[in-house]
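Trainee: I would like to learn how to read a structure. Please take me through this one step by step.

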Amino acid sequence: MNRYLLIGLSVFCIFMMLLSSFSDKVGGPFKVVANVTVIPLQQGINQIGGWMGDMKDNFQTLKQVRAENTKLQKQVDSLITENNNLQQERYELQRLQELYQLDKNYADYKKTAAHVIGKDSGNWFSTFTIDKGSKDGIATDMNVMAGSGLVGIVTEVGPTWAKVRSIIDDSSNVSAMVLSTSDRCIVSGDLSLMSDNQIRFGQMENNDNTVSVGDRSSLLILVINTYRES
Amino acid sequence: MKLMKFKRVAVTVLIVLAAYLLQCTLFNHLELAGIKPNLILIVTASFGFMRGQKEGMLVGFFAGLITDIQFGTILGFYALLYLVIGFVNGLFEQLYFDEDIKLPLFLISVSEFLYGIIIYLLMFMLRSDFNFLYYLNRIIVPELIYTIVITLDYTH
């Protein structure tokens, strides 16, 4: 009896795997289940975690807060100087954009803020779930950014959630362009470099332009990160 | 009698859900060197050798299915994997005694090791990524050790 159950369920699983590799619509009915059960719980846990984190912060003593304040003041001062330098670089960026007749700055792209409510439950892949979905206008293949850099791409969408494959995931490949030389290349995630906080940079055009450590690369105009010698 | 069975099913579902939620929320913060333990595997294997093949299979199937829906690339992959793990652990039900810790530890270690190997074979080797020793050292073995530690805490 048990063997029949095993064979039956295995056949069902294989059937689903084949179906889902050929079409995207298979996940439909299952996503409804996920909506009703898991996602609200994860959002709840996320909120509780945030609240507990806030409570923990309230227990810091006044001395600690004052020391932090002086440190932050120094940071603010250095940031103001850096900001001034960046303003100058911005003018150069505008000039480069005009050269390429790119008329949309990524700051003009429509953006929605979201929270991460779950991370991949295994150690092999790097995907996470956010709490915005098709009801908020999210669709597959949309880019996901954090701060000022690209962190991933949306692979699946439900009504109130979306699954994002991060750029450091082993199967991620993104075409990018080095800003200083305008060379194109491919940036791919790699599991073996993940622990060193690096991703792979490859297939660059073989021409005379040199790329040096510290150059920034970008996906069109979305910035990925600064280039580091591997 | 029916009520008892219904309660048992409900408790099982709750345990699986709780394990899954813990795995993808809290356990991310308990990472050591970037490795999390695999609580879903522990729950599936435990139901397998404690309650038999059928319960092990069903728990594995549903736990794998939830994982697939949210985090899998093809639907059914983790479901099949955990289904088989649940079934194989269920084969050892006759050998299981409540007080003994060696059998659960051994079964969970072997399940965890096979889980890592199969994921490597199907997801990485088939993409011509032959860096097996690296994955063995950095992911399979640390995950194995961490899962064993969690099992020891759980059975005490």
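Trainee: How many helices and how many strands make up the secondary structure of chain B?
Mentor: This is a predicted model, where local features need pLDDT of at least 70, side-chain atom pairs count only at pLDDT 80 or more, and totals for chains, interfaces and linings use all residues. Residues are numbered from 1 along each chain as its sequence is written, chains are lettered from A and ligands numbered from 1 in the order in which they are written, and side-chain values use heavy atoms, with hydrogens and water left out. Helices (H or I, at least four residues) and strands (E, at least two) are DSSP runs, numbered from the N terminus. From that end, the elements of chain B read α-α-α-α-α-α, giving six helices and zero strands.

Trainee: What share of the residues in chain B is buried?
Mentor: Buried means under 20% relative accessible area, exposed over 50%, and partly exposed in between (1.4 Å probe, protein chains only). Chain B has 156 residues, and the buried part of them is 54%.

Trainee: How much accessible surface does chain B have?
Mentor: Accessible areas come from the Shrake-Rupley method with a 1.4 Å probe; for residues, only the protein chains shown count as cover. In chain B, carbon and sulfur atoms hold 73% of the surface. The total comes to about 7,800 Å².

Trainee: At what angle do the axes of helices α1 and α2 of chain B cross?
Mentor: Axes are lines fitted to C-alpha atoms, for helices over the stretch in contact, and angles run from 0 to 180 degrees between N-to-C directions. Under 35 degrees counts as roughly parallel, over 145 as roughly antiparallel, 65 to 115 as roughly perpendicular, and the rest as oblique. α1(B) and α2(B) are therefore roughly antiparallel. The axes of α1 (residues 2–24) and α2 (residues 39–51) of chain B come within 8 Å, crossing at roughly 155°.

Trainee: How do the residues of the contact of α1(B) with α2(B) divide?
Mentor: Contact means heavy atoms within 4.5 Å, and the residues involved include Ile15(B) and Val16(B) of α1(B) and Val43(B) and Phe47(B) of α2(B). Ala, Val, Leu, Ile, Met, Phe, Trp, Tyr, Cys and Pro count as nonpolar, Asp, Glu, Lys and Arg as charged, and the others, Gly among them, as polar. On that scheme, the residues of this contact are nine nonpolar, two polar and two charged.

Trainee: How many of the residues of α2(B) are buried?
Mentor: α2(B) reaches 18 Å from its first C-alpha to its last, close to the 18 Å expected, where the expected span is 1.5 Å times one less than the number of residues. Its buried residues include Leu39(B), Thr44(B) and Phe49(B). Of the 13 residues in α2(B), the buried ones number eleven.

Trainee: How many residues of α3(B) are buried?
Mentor: Helix α3 (residues 53–71) of chain B spans 26 Å, close to the 27 Å expected. The helix is largely enclosed by the rest of the structure, so the buried count is 15 of the 19 residues.

Trainee: What is the secondary structure of chain A?
Mentor: From the N terminus on, chain A runs α-α-α-β-β-β-β-β-β-β-β-β-β. Buried residues are 33% of its 230, and chain A exposes about 15,300 Å², 55% of it supplied by carbon and sulfur atoms. Its elements come to three helices and ten strands.

Trainee: Which residue of chain B does Thr127(A) touch?
Mentor: Thr127(A) sits in strand β2 of chain A and is buried, with a relative accessible area of 10%. Leaving out residues up to four places away in sequence, Thr127(A) touches several residues of chain A, among them Lys119(A) and Val164(A), and in chain B it touches Phe71(B).

Trainee: What is the phi of Asp141(A)?
Mentor: Most residues other than glycine have a negative phi, and most peptide bonds are trans. Asp141(A) lies in the loop between β2 (127–130) and β3 (143–146) of chain A, and it is exposed, with a relative accessible area of 60%. Its phi is positive, near 70°.

Trainee: How far apart in space are Ile186(A) and Asn173(A), C-alpha to C-alpha?
Mentor: Ile186(A) belongs to strand β7 (residues 184–188) of chain A and is partly exposed at 27% relative accessibility. Along the sequence, Ile186(A) and Asn173(A) are 13 residues apart, while in space their C-alpha atoms are separated by 6.6 Å.
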